[in-house]
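Let's walk through a few local features together, one at a time. Have the sequence and the coordinates open as you read.

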Amino acid sequence: MHIGIQELPKNLEMLYFFHKGKVMLDIKLIRNNLEKVKKAIIAKHEKVNLEKILELDQLRRQKLTQVEDLKCERNKKNELISKAKQSGQDAPVAMEEMGKISDQIKALDAEVARIDAELESLMLWLPNIPADDVPEGTEEKNQVIRTWGEPKKKDFPAKPHWDLGKNLGLFELDRAAKLSGSSFSMFTGLGARLERALLNFMLDTHIREGYKEVAPPYLVNRKTITGTGQLPKLEDEMYYSAKDEFFLIPTSEVPLTNFYQDEIIPGELLPIYLTSATPCFRREAGASGKDTRGILRVHQFNKVEMVHFVAEDQSAASLEKLVHDAEGILQQLGLTYRVVLLATGDMSFSSAKTYDLELWAPGVERWLEVSSCSNCTDFQARRANIRYKMKGGKPKFVHTLNGSGVAIPRLMVAILENYQEADGHIKIPPVLVPYMGGVTVL
RNA sequence: GGAGAGAUGGCUGAGUGGCCGAAAGCGGCAGAUUGCUAAUCUGUUAAGGUAAAUUUUUGCCUUCGCGGGUUCGAAUCCCGCUCUCUCCGCCA
């Protein structure tokens with residue numbers, strides 16, 4: 001009696017697309033840093049059965065040594081038979097013994113496979129461990145690191161972007177709702193052109209800073225989206241095409257980070273910087289009622305993303321570069337923003353340290369999150385199996401970082417609300433004028 | 001969608017049932033040698049797991065696209081899947 005992997009329950013089988021015997025979050029790290037892992041689980045509000053993981057880990061190793069001993073015996077017998085056959089003799093006793101051993105191996109192998117699958121399905125729920133310099137606690141422990149510019153009030157009553165957009169014909173939210181439903185946007189006329197201008201301006205800027213532009217797929221498979229850590233936790237947040245088992249990307253972090261999935265990058269190529277402008281698709285499940293007006297929260301939006309691949313001793317510095325590159329966009333656009341260091345409880349599943357960039361919007365009188373820059377350390381690299389190798393060295397997991405540079409809708413809101421004039425028109429920020437074909441006012 | 005071909009180590013590529021984890025070549029690394037920006041010779045050259053020991057080793061196991069099956073034994077035979085290429089069809 002043996003259980004093949006195909007007879008596993010569907011949910012386990014789905015998780016077993018990973019390399020055989022490969023465990024994505026280092027089980028040794030868990031064994032050796034139990035307290036840190038526990039703390040991370042609590043900080044990030046996850047529920048993971050650590051005891052079960054440790055128990056399965058132990059059981060797995062126990063079974064593994066058993067089956068390996070048997071395999072060793074089998075190999076020896078096989079050699080015996082092989083030699084006998086080659087000298088024209090027969091080895092009926094050894095052959096019969098080997099048959100018995102093989103049966104035992106099959107049974108044990110199946111058991112190990114089942115344990116592996118269960119272990120992996122549990123381990124996929126373990127979040128990344130926050131870096132030591134991240135403040136502990138929930139949202140209210142977030143720290144404003146610096147502010148650029150001043151959150152000024154207009155010397156006339158500032159209009160919110162939905163009024164500005166409607167008056168100037170920059171977007172058509174009613175018609176977007178007609179086509180798709182609530183929380184969809186549709187830029188029109190010079191509004192659409194402004195979006196295109198922003199995307200091009202941001203991409204061009206990043207390319208100049210050493211990023212390679214990528215135009216990736218927007219539909220990705222389950223393995224890819226598990227690699228970056230959106231799955232299994234955020235399954236309900238994503239649009240999914242069941243017929244083809246594709247997920248619509250919630251951010252281009254997913255295809256960009258998985259660019260080197262299952263690869264060993266030659267060490268001398270690091271650091272590698274990728275950027276792309278893609279749509280992002282988010283169901284925003286559980287967010288209904290929040291930010292319903294205007295385009296602050298929509299199911300589909302465009303975003304320019306930056307991703308870094310670096311050696312482990314470079315990731316802390318790389319995060320600063322990433323934030324700096326995102327800030328550069330906002331500075332060139334002359335927008336007031338602040339940099340916020342997120343507390344452990346406000347960080348995403350995959351992140352060890354995150355800075356948010358928030359733009360000041362005088363119309364809605366709020367700080368708007370337009371960028372989230374995260375150091376994911378080796379967390380995503382383990383899941384996606386991305387390594388690098390220096391000459392003569394052993395392969396190691398890379399560190400991956402990602403940050404928006406930046407997301408369009410809230411950037412658009414900030415531009416419209418900040419650059420509005422008393423007469424209801426909107427000035428185009430000077431850096432965008434060339435991208436607008438010379439248009440200076442909306 | 002249909003027909004066919006293929007998938008082997010960093011790369012090229014041999015291997016149709018038994019010391020094949022895998023020939024050979026290239027590339028890489030180390031050494032030797034030659035007076036010249038290179039040649040020649042020699043050696044070496046994967047990843048993962050696990051145990052002992054321990055900071056560097058040693059033993060054992062696994063891995064020839066993925067997953068099953070046949071067999072005492074599978075890179076090799078059979079089945080399913082994925083991907084790549086060629087041709088046909090369809091199509092933005």
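Q: Where does Glu 365 lie?
A: This is a predicted model, in which local features need pLDDT of at least 70, side-chain atom pairs count only at pLDDT 80 or more, and totals for chains, interfaces and linings use all residues. Residues are numbered from 1 along each chain as its sequence is written, chains are lettered from A and ligands numbered from 1 in the order in which they are written, and side-chain values use heavy atoms, with hydrogens and water left out. Helices (H or I, at least four residues) and strands (E, at least two) are DSSP runs, numbered from the N terminus. With those elements marked, Glu 365 is found in the loop between β10 (353–361) and β11 (366–375).

Q: What is phi of Glu 365, and is the residue buried or partly exposed?
A: Glu 365 is a residue other than glycine, yet its phi is positive, near 50°. For accessibility, buried means under 20% relative accessible area, exposed over 50%, and partly exposed in between (1.4 Å probe, protein chains only). At 45% relative accessibility, Glu 365 is partly exposed.

Q: Which residue is joined to Pro 271 by a cis peptide bond?
A: Pro 271 sits in the loop between β6 (263–266) and β7 (272–281). The cis bond has omega near -5° and comes from Leu 270.

Q: What is omega for the peptide bond joining Leu 231 and Pro 232?
A: Pro 232 is placed in the loop between α9 (222–227) and β4. The bond between Leu 231 and Pro 232 is cis, with omega about 5°.

Q: In the open sheet of three strands, what is the order?
A: Two strands pair if DSSP finds at least two bridges between them. The edge strands, each pairing on one side only, are β3 (219–220) and β4 (240–241). The pairing is antiparallel, and the order is β3-β5-β4.

Q: Which residue in β5 is the bridge partner of Val 220?
A: Strands β3 and β5 (residues 246–248) run antiparallel and are joined by two bridges. In β5, the partner of Val 220 is Phe 247.

Q: How far apart in sequence are the parts tied together by Asp 116 and Arg 60?
A: A salt bridge is a side-chain nitrogen of Lys or Arg within 4 Å of a carboxyl oxygen of Asp or Glu. Asp 116 and Arg 60 form one, with their closest N and O atoms 2.5 Å apart, and both residues are buried. Asp 116 lies in helix α5 (residues 92–123) and Arg 60 in helix α4 (residues 50–86), so the parts they tie together are 56 residues apart.

Q: What separates Lys 83 and Glu 79 along helix α4?
A: Their side chains meet in a salt bridge, 3.5 Å from N to O. Lys 83 is exposed at 54% relative accessibility, whereas Glu 79 is partly exposed at 46%. Because the two are four residues apart in helix α4, the separation is about one helical turn.

Q: How many salt bridges does the structure hold?
A: Side chains of opposite charge can pair when their charged atoms come close. Here, Arg 31, Asp 57 and Arg 61 are linked in a network of such bridges. For the structure, the count is 24.
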